[in-house]
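Please look over the model below before reading on. The paragraphs after it go from the whole chain to single residues.

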Amino acid sequence: LSRPAPHPLPPEQQREFEALQRQAEVTAIAPSDQPEKHPDTPAPLKAEFDGDVNPLTGERGGPKREPVQRWVEQEGDWSFKGRVSDF
C-alpha cells in the first residue's frame, strides 16, 4: 500500500514504543474498585419504598420515586428533576 504514514522508527525505538504501548494497555485494563466520577455528577435518587407495591398509593409496578413531587406544600409549587413550576 502506498499511503501517507509516519516514518518508521529505528528498531530500538520501535521496541521501546511497543513496550510502552503494552504497559499502557495493561494499566488501562486493570480493574479499579470505584470508577472516578466527575465532581458535578448528581447523586442517584434513592427509592422511596421497597418491593413492587407502593404503600401510599397501592400502585403495582409503578415508579420507585414519584417523578413529580410537591416542593412547597402550601405554595402549590411542583418540582421535576430540579425544575420548579407553579400552577
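The text below takes up the overall layout, then the confidence, then one loop.

This is a predicted model, in which local features need pLDDT of at least 70 and side-chain atom pairs count only at pLDDT 80 or more, while totals for chains, interfaces and linings use all residues. Residues are numbered from 1 along each chain as its sequence is written, and side-chain values use heavy atoms, with hydrogens and water left out.

The chain holds one helix and three strands, in the order α-β-β-β along the sequence. Helices (H or I, at least four residues) and strands (E, at least two) are DSSP runs, numbered from the N terminus. Of the 87 residues in the chain, 6% are buried; buried means under 20% relative accessible area, exposed over 50%, and partly exposed in between (1.4 Å probe, protein chains only). Among contacts with a separation of 6 or more, 0% join residues 24 or more positions apart, where contact means heavy atoms within 4.5 Å.

The mean pLDDT of the chain is 76, and 66% of its residues reach 70 or more; pLDDT is the predictor's confidence in each residue, from 0 to 100. Confidence is highest in helix 1, at a mean of 86, and lowest in strand 1, at 51. Where pLDDT is low, the predicted coordinates should not be read in detail.

Asn-54 sits in the loop between helix 1 (11–29) and strand 1 (69–72). With a relative accessible area of 12%, Asn-54 is buried. Leaving out residues up to four places away in sequence, Asn-54 touches Phe-49 and Glu-59. A polar atom of the Asn-54 side chain lies 3.0 Å from the backbone nitrogen of Leu-56.

Pro-63 is also in the loop between helix 1 and strand 1. Its relative accessibility is 40%, so Pro-63 counts as partly exposed. Between Pro-63 and Phe-49, 14 residues apart in sequence, the C-alpha to C-alpha distance is 9.8 Å.

Note on methods: A polar contact is a pair of N or O atoms within 3.5 Å; within protein, one must be able to donate a hydrogen and the other to accept it, and residues adjacent in sequence count only if both atoms are side-chain atoms.
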